[in-house]
Amino acid sequence: MGSNMAPPYANIFMDLFELTYVYTHPSFMSHVIYWRRYIDDVFLIWTSDVETLCNFHGDLNLCLPGLTFSMSHDPVSMNFLDTRVIINEHREVETDLFVKSTDRNSLLKYDSCHPHHIKRALPKSQHVRVDRIVSNPETSHIRHQEMNEKFRTRGYPDHVLSSNRDTVRPYVRPETPRMAFVSTFHPLNHLINKCVLQYWDILKNAYPQNNHQGRHQGMTAVTGVWGPMRPVGCYGAHCKQAQLVDVISIGV
C-alpha cells in the first residue's frame, strides 16, 4: 500500500464486505465470538470444528470474483500483526511478540544523521512496545534482552540502552467512568465543544450526580488534546457542575 489513500480505500472496501457478506453469514452469527480486523488482516475466535471453519472460509472466497482470503488456524497459538496469542497449559490467554522468520534488523543505525533525540527515544519506544504486548513477566524479560541486542547490533551504546530501559514503566490503562464522544475531524468541531458548554445544564440532568465525582478533566474539541474543560459558570472547587463534567469528553 504505497499510496496515501490505499489504507482508507481498503478499510472502506472491507467494511462494506463485512456488512454485506460476513456479519450476515449464518456461521459467523453462530460460531464467531470475537472478530477484529486491521485493514485486511482479521483475527477471530471460532467456537466450532475445523471443518465448519473451512466451509466458512470457502464461502467468503466465493463472494466476489478476484478476492481470495488466506487462512491459518491453530487451537493453541495464532499470530496477528506483531502479536502472538497463546493458550498456555493453564488454559489462560497470553500474548507475546511475533517476528516473521524473514524479518531482518531494520532499526535505525546509531551513526545515522537523524537528530539525537530520535535515536535516544527509539529504544524506549521499543521497550514500551514489549511491555504492552508481552503479558508473561518471564517472557517479557527475555524479549527486553533480545531488543537490547538488536540495538547493540545497530551501534547503540549500552549507556543509552540502560538509561532508556530504566525509564520504562508498565503500561496501565486508566479506568474512568467517563463516557467518551468521539468524532471524526472537521473544521467546525469546535462548535460541538461550544454547544456542550452552552447547554451543560440540560446535559448534566441526564446522568445521576452521585455516580460521577471529582474535578472535571475533559478533551477540548478545539485543540484535540487532554486539558481542563470548564462548563459555563464553573468557579473551581465549589462548582456543582464540575462533579458531572467527567461524563462527556469531546474528541477530534
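Me: Which residues of α3 are buried in this predicted model?
Reply: The buried residues of α3 are Thr52, Leu53, Phe56, His57, Leu60 and Asn61. Their cover includes α1 (6–22), α2 (26–31), β1 (32–38) and β2 (41–46).

Me: What makes the reach of α3 close to the expected one?
Reply: The expected span is 1.5 Å times one less than the number of residues. α3 has twelve residues, and 16 Å is expected. From first C-alpha to last, α3 reaches 17 Å. That is close to the expected value.

Me: What makes aspartate 49 a cap of α3?
Reply: A polar contact needs N or O atoms within 3.5 Å. A side-chain oxygen of aspartate 49 lies 3.1 Å from the backbone nitrogen of glutamate 51. Aspartate 49 therefore caps the N-terminal end of α3.

Me: Why is serine 27 called buried?
Reply: Buried means under 20% relative accessible area. Serine 27 has 15% relative accessibility, so it counts as buried.

Me: Where is serine 27, and what is it in contact with beyond four places in sequence?
Reply: Serine 27 is found in helix α2. Leaving aside neighbours within four places, serine 27 is in contact with Val32, Trp46, Thr52 and Phe56. Thr52 and Phe56 are also among the buried residues of α3.

Me: How far is serine 27 from aspartate 59?
Reply: Their C-alpha atoms are separated by 10.0 Å. Along the chain, the two are 32 residues apart.

Me: What makes β3 and β4 a pair?
Reply: Two strands pair if there are at least two bridges between them. Four bridges join β3 (residues 77–80) to β4 (residues 83–87). They therefore count as paired, and they run antiparallel.

Me: Which face of β3 is covered and which is uncovered?
Reply: Met78 and Phe80 make up the covered face. Ser77 and Asn79 make up the uncovered one.

Me: Why is leucine 81 called partly exposed?
Reply: Leucine 81 has a relative accessible area of 42%, so it is partly exposed. Leucine 81 lies in the loop between β3 and β4. Its phi is near 60°, a positive value in a residue other than glycine.

Me: Why is arginine 91 called exposed?
Reply: Exposed means over 50%. Arginine 91 has 67% relative accessibility, so it counts as exposed. Arginine 91 lies in the loop between β4 and β5 (93–97). Its phi is near 65°, a positive value in a residue other than glycine.

Me: Are cysteine 63 and cysteine 195 buried, exposed or partly exposed?
Reply: The cut-offs are again 20% and 50%. Cysteine 63 has a relative accessible area of 23%, so it is partly exposed. Cysteine 195 has 40%, so it is partly exposed too.

Me: How many disulfides does the structure hold?
Reply: The structure holds zero disulfides. A disulfide would need a pair of cysteine sulfur atoms within 2.5 Å.

Me: Where is the mean pLDDT lowest and highest among the elements?
Reply: Strand β8 (residues 226–227) has the lowest mean, 34. Helix α3 (residues 50–61) has the highest, 93. Over residues 210–252 the pLDDT is below 50. Beyond near neighbours in sequence, this stretch has 106 contacts in the model. For the chain, the mean pLDDT is 78, and 74% of its residues reach 70 or more.

Technical notes: Residues numbered from 1 in each chain as written. Predicted model: local features only at pLDDT ≥ 70, side-chain atom pairs only at ≥ 80, totals over all residues. Heavy atoms only, no water. Buried < 20%, exposed > 50% of the residue type's maximum accessible area, 1.4 Å probe, protein only. pLDDT = per-residue confidence, 0-100. Helix = DSSP H or I, 4+ residues; strand = E, 2+ residues; numbered from the N terminus. Contact = heavy atoms within 4.5 Å. Polar contact = N/O pair within 3.5 Å; in protein donor to acceptor, adjacent residues only side chain to side chain.
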